[in-house]
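Trainee: Could we go through this structure together, one question at a time?

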Amino acid sequence: MQKIWFKTRRFFVAAVFGLVLVSAPVTDALTTRDKIYPGTAVGTLELGGMDVSVGTTALEKYFADFLSQSIDFVLEGQQTTLPISELIAFDAPATINSAMQIGRPESLAQTIQQRLNARLSGVVIDPVFIIKNDHLITSLRSAFPEYGAPPQNAKFDFAFEKNKPPVITILTEQSGKDI
C-alpha cells in the first residue's frame, strides 16, 4: 500500500511540475499577446505592458521636448541654429513596431531568450528618426550661402553636452590621398 501511494505521489508531483512548465509560457503569451512585452523600453521610457496606441502616445510625449529644441550647426567658424523638428521627424509607429517584436521572433529558442532578457534585465529599443534631407540641405544652403553646393563627402561631428541638443560641426572633405 505504501509503495502505491509513493508512486502515485511521484506521478502527481511530476504532473503538477509538467503543468506549471506548460502553463507558464502559455499564460505569459496570452497576457502579453497584443501588448508590448514587459521589460521593453525606449531610452528611459518603459513601454512594457502598453498597447500600441498608449505606447505611441507615450513615445510622442517623451520626444516632444527634444524635438522642440534647436540645434547649432558650425561650418568654418560660422554658426546657425535650426529647429530640430524641421530637420528630423520621430517615427513613433516604426519604434512601436520594433518594441512589439520583442518576445515574438519566429523561433521558440529566440522567443524564450528575448522574453527572459526582457523580464530579467530589460531590453532597450532604439528610437527611429527620419532625417528630412531636402529641408536640411535647403536650410544649410540658406544659412551658409557662400557655399553654393553642399560639400561632397562631408561629415557631421556631434558634440554632446548633458541634457542639451548636440552642436554639429560640418567637416568638409579634405583633398589629398587617403592612407
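**Questions on a predicted model**

Trainee: How many helices and strands are there in the protein chain?
Mentor: Please keep in mind that this is a predicted model. Counted along the protein chain, the elements come to six helices and nine strands.

Trainee: What percentage of the residues in the protein chain is buried?
Mentor: A residue counts as buried when its relative accessible area is under 20%. Among the 179 residues in the protein chain, the buried share is 27%.

Trainee: Where does Asp91 lie, and which side chain of opposite charge is nearest to Asp91?
Mentor: Asp91 sits in the loop that runs between strand 5 (88-90) and helix 4 (92-100). Asp91 is buried and yet has no salt bridge, a pairing that would need the charged atoms to be within 4 Å. The nearest side chain of opposite charge is 12 Å away, and it belongs to Lys132.

Trainee: Which residue has its backbone nitrogen 3.2 Å from a polar atom of the Asp91 side chain?
Mentor: Once neighbours within four places in sequence are left aside, Asp91 is in contact with Val128 and Ile130. The backbone nitrogen that lies 3.2 Å from a polar atom of the side chain of Asp91 is that of Ala94.

Trainee: Why can Leu116 count towards a surface patch, and what is the accessible area of the patch together?
Mentor: Leu116, which is found in helix 5 (residues 108-120), is partly exposed, with a relative accessible area of 48%. A patch residue needs over 30%, so Leu116 passes that cut-off. With Ile112 and Leu120, Leu116 forms a nonpolar patch on the surface, whose accessible area together is about 330 Å².

Definitions and conventions
Residues numbered from 1 in each chain as written. Predicted model: local features only at pLDDT ≥ 70, side-chain atom pairs only at ≥ 80, totals over all residues. Heavy atoms only, no water. Patch = residues over 30% accessible without salt bridge, like charges linked within 9 Å, V, L, I, M, F, W, Y side chains within 5 Å. Areas by Shrake-Rupley, 256 points an atom, 1.4 Å probe, with all protein chains shown as cover. Helix = DSSP H or I, 4+ residues; strand = E, 2+ residues; numbered from the N terminus. Buried < 20%, exposed > 50% of the residue type's maximum accessible area, 1.4 Å probe, protein only. Lys, Arg positive; Asp, Glu negative; His and termini not counted. Polar contact = N/O pair within 3.5 Å; in protein donor to acceptor, adjacent residues only side chain to side chain. Contact = heavy atoms within 4.5 Å.
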